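Please read the following briefing alongside the sequence and the coordinates. The points below are grouped by topic.

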Amino acid sequence: IGKKVQAIYLWWHKPVIDKELLLSLPNLKVIANSGVGMDHLDLKLVASFGVKMANAPRAVSSSTADTGMALLLASARRLVEVHNISISPSMEYCEADILGVKLAGATLGIIGMGNIGYKIALRAKAFEMNILYHNRTQRKVQEEQAVSATYCKKIDSLLQQADFVMLVVSLTPQTCKLIGKRELELMKPTATLINISRGAVVDQEALVAALQNGVIRAAALDVTSPEPLPRDHPLLKLKNVIITPHLGIKTDKATYMITEEAVENMLAALSGLPLPSEVLPS
């Protein structure tokens with residue numbers, strides 16, 4: 001049926017798009033992805049076959065922003081740790097020294113202020129947090145004012161000031177291991193790292209060492225490298241880490257909206273119209 005295939009809808013990186021598959025589909029016009037991240041695709045290879053590509057930024061931004069805030073709150077108030085205490089057979093009372101971090105007045109540093117990053121800023125403002133952000137390009141003044149956000153041209157400045165650092169960048173050669181030993185050491189010892197982008201954006205060996213040695217307070221990760229981690233990975237043994245299995249977009253409504261957005265892009269491509277969410281190779 002290879003000659004009949006004109007569109008592919010990628011769900012959770014399946015099917016794998018390689019040269020062999022592309023050669024077997026001579027009439028393929030478009031590949032629509034179920035999410036924002038496109039790091040699983042060789043964009044230049046796909047484009048060389050004259051195939052258009054699209055992602056689903058509108059559908060996923062709110063759900064992913066919710067996941068980021070959920071991880072921030074869970075880590076700040078040590079929810080997983082105290083849940084385990086609460087359900088343990090020996091539970092009699094809550095230890096007085098199980099103290100969380102107050103969000104009001106704390107500083108959130110957002111690395112990557114695209115659609116998702118901006119929605120995180122909107123949510124953080126409601127929690128009365130101070131907001132810093134680092135991005136390739138600065139947002140418009142009115143957009144900054146709407147969320148009371150301050151632009152940090154240098155990532156180092158953000159890392160040194162933030163109580164919570166949230167990673168919301170796409171995985172590219174430039175952002176691979178963006179947060180390593182040097183960056184972690186710039187952070188406050190009371191700071192928390194939250195990653196909802198891609199696992200490879202963080203140097204995981206450096207993160208393990210930072211968490212073990214008190215370089216930073218905690219980490220909350222919706223993404224790791226690989227996914228899932230090997231069952232003997234040291235990150236799984238640390239009390240100051242929360243790990244979720246890439247929940248970012250996984251809500252009932254978001255899943256439905258992703259499919260709608262993908263179909264919209266595929267129909268546009270098949271009709272010779274501009275794709276609403278086209279992704280071009282850089």
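The secondary structure of the chain amounts to ten helices and ten strands, where helices (H or I, at least four residues) and strands (E, at least two) are DSSP runs numbered from the N terminus. This is a predicted model, in which local features need pLDDT of at least 70 and side-chain atom pairs count only at pLDDT 80 or more, whereas totals for chains, interfaces and linings use all residues. Residues are numbered from 1 along each chain as its sequence is written, and side-chain values use heavy atoms, with hydrogens and water left out.

**Sheet and helix**

- Three strands form an open sheet in the order β1-β2-β3 with parallel pairing, two strands being paired if DSSP finds at least two bridges between them.
- The edge strands, β1 (7-10) and β3 (52-54), each pair on one side only, and the twist averages 15 degrees from one strand to the next.
- Four bridges join β1 to β2 (residues 30-33) in the parallel sense, and Leu10 stands opposite Asn33 in β2.
- Helix α10 (residues 252-270) lies across β1, β2 and β3 and runs at about 160 degrees to β1; axes are lines fitted to C-alpha atoms, for helices over the stretch in contact, and angles run from 0 to 180 degrees between N-to-C directions.

**Whole chain**

- The C-alpha atoms fill a box of roughly 65 × 50 × 35 Å along the principal axes.
- Of the 282 residues, 46% count as buried, meaning under 20% relative accessible area with a 1.4 Å probe, protein chains only.
- Among contacts (heavy atoms within 4.5 Å) between residues at least 6 apart in sequence, 61% join residues at least 24 apart.

Terms used. Buried means under 20% relative accessible area, exposed over 50%, partly exposed in between (1.4 Å probe, protein chains only).
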